[in-house]
Amino acid sequence: ALLGAVSGGKIIIDTDGLVDDARALTLALKKQESTSEILAITTVASTVGIEQVVANVNRVLRLLGKTDIPVFVGSNTGMLRAQKDKFPVDYGEDGLGDRPNAEPEAQK
């Protein structure tokens, strides 16, 4: 889910890092107006674990050259229910359709 409006103001985006949210995040970052500021991105696990969610968000940020936006790691489990069943047919094992990472993270 995306919180806030891209038309102005300060924005915090909360995401599960799956395909639909990755697309919405991309749109929000590309359409960001000079009057709006994305302060941070918070994450929560969904059909993939929190480590994969954070990797997916960072992958989108790297591809768009927006690595200055902080990413905060949220819960690996839901408040009311456990992690949902995986949907490998729709989202792949990584939640992004198992597409090759064109911009892998730099080695440290």
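**From a salt bridge to the sheet and its helices**

Lys10 is exposed, with a relative accessible area of 63%.

Which residue does the side chain of Lys10 meet in a salt bridge? The partner is Glu37, at 3.1 Å from N to O. Glu37 is partly exposed, at 37% relative accessibility. The structure holds 1 salt bridge. Lys10 belongs to strand β1, residues 9–15, and Glu37 to strand β2, residues 36–43. The pair therefore ties together parts that are 27 residues apart in sequence.

From here, move to the sheet. It is open and has 3 strands, in the order β1-β2-β3. The pairing is parallel. Strands β1 and β3 are the edges, and each of them pairs on one side only. Strand β3 covers residues 71–72. How many bridges join β2 and β3? There are 2, in the parallel sense. At one of these places, Thr42 has Phe72 of β3 as its bridge partner.

Two helices come next. Helix α1, residues 19–30, packs on the sheet and touches β1 and β2. The direction of α1 makes about 165° with that of β1. Helix α2, residues 50–63, also packs on the sheet. Its contacts reach β1, β2 and β3. The direction of α2 makes about 155° with that of β2.

These helices also pack on each other. Two packed helices are described by the angle between their axes and the distance between the axes. For α1 and α2, the angle is about 35° and the axes lie 10 Å apart. Is the crossing left-handed or right-handed? The crossing of α1 and α2 is right-handed. On the α1 side, Ala22, Leu25, Thr26 and Leu29 make the contact.

How confident is the prediction? The chain averages a pLDDT of 76. A score of at least 70 is reached by 60% of the residues. Where is confidence highest, and where lowest? Strand β3 has the highest mean, at 96. Helix α3, residues 88–91, has the lowest, at a mean of 58. Over residues 1–6, pLDDT stays under 50. For this stretch, the model has 20 contacts beyond four places in sequence.

Methods:
Residues are numbered from 1 along each chain as its sequence is written. This is a predicted model: local features need pLDDT of at least 70, side-chain atom pairs count only at pLDDT 80 or more; totals for chains, interfaces and linings use all residues. Side-chain values use heavy atoms; hydrogens and water are left out. A salt bridge is a side-chain nitrogen of Lys or Arg within 4 Å of a carboxyl oxygen of Asp or Glu. Helices (H or I, at least four residues) and strands (E, at least two) are DSSP runs, numbered from the N terminus. Buried means under 20% relative accessible area, exposed over 50%, partly exposed in between (1.4 Å probe, protein chains only). Two strands pair if DSSP finds at least two bridges between them. Contact means heavy atoms within 4.5 Å. Axes are lines fitted to C-alpha atoms, for helices over the stretch in contact, and angles run from 0 to 180 degrees between N-to-C directions. pLDDT is the predictor's confidence in each residue, from 0 to 100. A crossing is left-handed if the near helix is turned anticlockwise from the far one by less than a right angle, and right-handed if clockwise.
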